[in-house]
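My notes follow, in the order in which I looked things up.

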Amino acid sequence: MSTELPLIGDFSTAGPVLTGARVGVVTFPGTLDDRDAARAVRLAGGEPVALWHAEPDGGAALSSLDAVILPGGFSYGDYLRAGAIARFAPLMEAIISAAGGRDGSSAGLPVLGICNGFQMLTEAHLLPGSMIKNDHLKFICRDQGLRVENNATAWTRAYSAGAEIVVPLKNQDGQYVADERTLDELEGEGRVVFRYTGWNPNGSRRDIAGISNAAGNVVGLMPHPEHAVEAGFGPDSGHGMRMGTDGLGVFTSVLASIAGETK
Amino acid sequence: MPTIVVDVMPKPEILDPQGKAIAGALPRLGFTGFAAVRQGKRFELTVDGEVTEEVLAHAREAAEQLLSNPVIEDVVNVEVLPEAAPAPEALVEGRNA
C-alpha cells in the first residue's frame with residue numbers, strides 16, 4: 001500500500017483464507033450491524049452467510065454453518081426489553097439447541113452476541129444475567145478499553161491472555177447485572193471474557209463487558225469488535241487516526257476454532 | 001371487552017436507574033417527602049371474549065415468559081380490570097352544562 005490511510009478496505013490485512021468456514025449473521029427487524037459483522041467475518045478470512053430471523057427451518061439453515069453471530073442494533077425497537085421479542089424469533093430456538101442448550105456445559109455451535117445480540121442471548125437464557133439501562137441513563141458512544149480476561153473461548157483464542165484492546169461501545173441498555181452468586185460463579189469459572197478498563201461506562205457489575213457459557217462456545221459482549229476490524233475505519237490507535245483493528249481477533253478466533261487449531 | 005392487567009416491577013435487589021432519576025427530580029419540583037421511586041410496567045391485555053380461568057392462566061404464563069424477565073423483574077400482579085361502568089348521569093349533565 002502506498003498510502004497510510006486507504007480510502008477503501010485494505011484486504012491485505014486479513015488473515016489466511018479458511019475456505020469453507022461459513023459464519024451465519026442473523027438479521028432481525030431493527031438490526032443495524034449485520035453488514036459490519038459480515039464484513040468482519042470476510043476480513044478475518046471466513047465466508048459470511050446472511051440469515052433471516054424468520055427462517056422457517058432453522059435447523060436446516062444452521063446445518064451448513066460453522067458459527068453464528070447475532071449482531072447489534074435495536075431489534076423490534078427495543079420494545080418491551082432489549083432483545084426480548086427477537087429472542088422468540090423462529091431461528092432462535094434452532095440456535096439455542098445448536099449452541100448446546102441452556103445448561104451450556106457441552107460445546108456446540110460457536111455463537112457470538114454483540115450488543116443487542118448479547119441482550120438476546122441473556123433473554124434466551126443462553127447466558128446468565130441481564131442488561132438494564134446505563135446507570136447514567138444516557139446513550140453512550142465511545143472508543144472503549146477492554147481487557148481480554150479469558151482467551152480460551154471460541155471467540156477469543158487469537159488474543160494473548162490479559163490483552164488490552166480498544167473497540168467502539170454504543171448503547172443505552174448496557175449495564176450488566178446478575179445476582180452475587182451468579183457473578184461469583186462467572187468469576188470462579190473464568191467466564192468473564194471481557195472487562196472494561198479505564199472507566200466503567202454504564203455501571204456494569206464488576207466492570208463486566210462480556211461473558212461466556214460454561215463450554216466457551218457462546219460469548220456475548222456489549223462493545224462492538226466488528227467496528228474495529230479495518231485500518232482507516234476503527235478507533236484511533238498508536239498507529240494513527242482510525243487505525244485500530246483490535247476487534248478483528250474475535251473473528252479470526254472463531255475461524256481458528258472452526259479449523260480445529262489447538263492453542 | 002374485558003381487560004387483564006399485568007404489573008411488572010424491577011426486582012428489589014436490582015438498582016432501578018430510571019426510578020432513581022425520577023426520585024432526584026421530585027424535590028426539584030417541590031414534591032418532598034418521597035424517599036424513593038421505583039418504575040415498573042403495566043400491561044393491559046384485552047380479552048376477546050369471556051375471562052375464564054384458562055384465559056387467566058394464559059395471561060400469567062405470558063407474564064412470566066414474555067412480559068417479564070425473571071432475572072431482573074417480578075410479576076407483582078395479574079388481575080381482571082373491572083368493566084368500565086356507564087358514565088353517571090350527573091357527570092354527563094355536568095359536561096353538557
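I started with chain B, which has 3 helices and 3 strands (DSSP runs numbered from the N terminus, H or I of at least four residues for helices and E of at least two for strands). Reading chain B from the N terminus, I get the order β-α-β-α-β-α.

A note on ground rules: this is a predicted model, where local features need pLDDT of at least 70 and side-chain atom pairs count only at pLDDT 80 or more, while totals for chains, interfaces and linings use all residues. Residues are numbered from 1 along each chain as its sequence is written, and chains are lettered from A and ligands numbered from 1 in the order in which they are written.

Next I checked burial. Of the 97 residues in chain B, 14% are buried (20 or more other C-beta atoms within 10 Å of a residue's own, with C-beta atoms placed from the backbone). Strand 2 of chain B (residues 41-46) is hardly covered, with a buried count of 0 among its 6 residues.

Who does that strand pair with? I found strand 1 of chain B (residues 3-10) antiparallel to strand 2 of chain B over 6 bridges (pairing takes at least two DSSP bridges between the strands). In this pair, V5(B) sits opposite E44(B).

Then I looked at where the two chains meet. I count 8 residues of chain B in contact with 10 residues of chain A (C-beta atoms, placed from the backbone, within 7 Å). Helix 1 of chain B (residues 17-28) gives the most to that side of chain B, with 3 residues. The chain B side splits into 6 nonpolar, 2 polar and no charged residues (Ala, Val, Leu, Ile, Met, Phe, Trp, Tyr, Cys and Pro are nonpolar, Asp, Glu, Lys and Arg charged, the others, Gly among them, polar).

Last stop was chain A. I traced an open sheet of 9 strands there, in the order 2-1-3-4-11-10-9-6-7 with mixed pairing. Why do strand 2 (47-52) and strand 7 (164-171) of chain A each have one side without a neighbour in the sheet? They stand at the edges, so each has a single partner strand. The twist averages 25° from one strand to the next (axes are lines fitted to C-alpha atoms, for helices over the stretch in contact, with angles from 0 to 180 degrees between N-to-C directions).

Helix 1 of chain A (residues 34-44) packs on this sheet, and its direction makes about 175° with that of strand 1 of chain A.

Key: Two residues are in contact if their C-beta atoms, placed from the backbone, lie within 7 Å. A residue is buried if 20 or more other C-beta atoms lie within 10 Å of its own, exposed if 12 or fewer, and partly exposed in between; C-beta atoms are placed from the backbone.
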